[in-house]
Amino acid sequence: MIKMLLAHEFKETTPNHRAEPVEIWKARKFIEEHSGEELSLTKVAKMVNMSSNHLSEKFKQVTGVNFVDYLAHIRFDKARELLQNTNLRVSEIAFAIGFQSLSQFNRVFKKLAGKSPTEYRDKISRRKKH
């Protein structure tokens, strides 16, 4: 499973406790704020005034994960929250959090959670009843 560094973990793993480069901070903030939209590395790179290749390399170097995996984790966290706290259909959640297709959402969710979104919701519902 891919390990994504959270903000508090990031500080602990930065060599010599240097500050996160401002471009990467801005990129992560933009991704988090716009994760429900169609996002690409190119779009984020333009927002932080870097080339796509440079942002890709720097992003991986600083965060420990690549752009695609980082975005998938952000969306996955939002999906889990919606699956636990709403009665929205799985397809509505998939599109609301920025996936372009239901099959892509199901594939990413299963990869990260080890179960489908429906299985995840069913397990949460059973826990809440006990």
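Analyst: A residue is called buried under 20% relative accessible area, exposed over 50%, and partly exposed in between (1.4 Å probe, protein chains only). By that scale Val-22, found in helix 2, is partly exposed, because its relative accessible area is 46%. This is a predicted model, in which local features need pLDDT of at least 70 and side-chain atom pairs pLDDT 80 or more, while totals for chains, interfaces and linings use all residues. Residues are numbered from 1 along each chain as its sequence is written, and side-chain values use heavy atoms, without hydrogens or water.

The chain holds eight helices and zero strands (DSSP runs numbered from the N terminus; helices are H or I, at least four residues, strands E, at least two). Of its 130 residues, 36% count as buried.

The largest pocket has a volume of about 300 Å³. A pocket is an open set of points on a 1 Å grid over the protein atoms alone, where a 1.4 Å probe fits and protein lies on both sides within 12 Å along at least five of seven lines; lining residues have an atom within 4 Å of a point. The volume is the space filled by probe spheres set on the points, which are joined across faces, edges and corners. Of the 17 lining residues, Val-68, Ala-72, Arg-75, Phe-99 and Gln-104 are the closest to the centre of the pocket. Helix 5 (67-85) and helix 7 (102-113) are the elements that give two or more residues to this lining. Helix 5 gives the most, seven residues. Sorted by class, nine lining residues are nonpolar, four are polar and four are charged (Ala, Val, Leu, Ile, Met, Phe, Trp, Tyr, Cys and Pro are nonpolar; Asp, Glu, Lys and Arg charged; the others, Gly among them, polar).

One of the residues closest to the pocket centre is Phe-99, which lies in the loop between helix 6 (90-96) and helix 7. Phe-99 counts as buried because its relative accessible area is 6%. Leaving out residues up to four places away in sequence, Phe-99 touches Arg-75, Ala-94, Gln-104, Phe-105 and Val-108 (contact means heavy atoms within 4.5 Å). Arg-75 and Phe-99 are 24 residues apart along the chain, with their C-alpha atoms separated by 8.3 Å. Helix 7 also holds Arg-107, which counts as exposed because its relative accessible area is 56%. The C-alpha atom of Arg-107 is 9.6 Å from that of Pro-117, ten residues away along the chain.

A nonpolar core is a set of buried Ala, Val, Leu, Ile, Met, Phe, Trp, Tyr and Cys residues joined through side-chain atoms within 4.5 Å. This core has 17 residues, and Ala-27, Ile-31, Leu-39, Val-44, Leu-55, Phe-59 and Tyr-70 touch the most other members. Another core lies apart from it, with 13 residues, among them Ala-94, Phe-105, Tyr-120 and Ile-124. Ala-94 and Phe-105 are also among the residues that Phe-99 touches.
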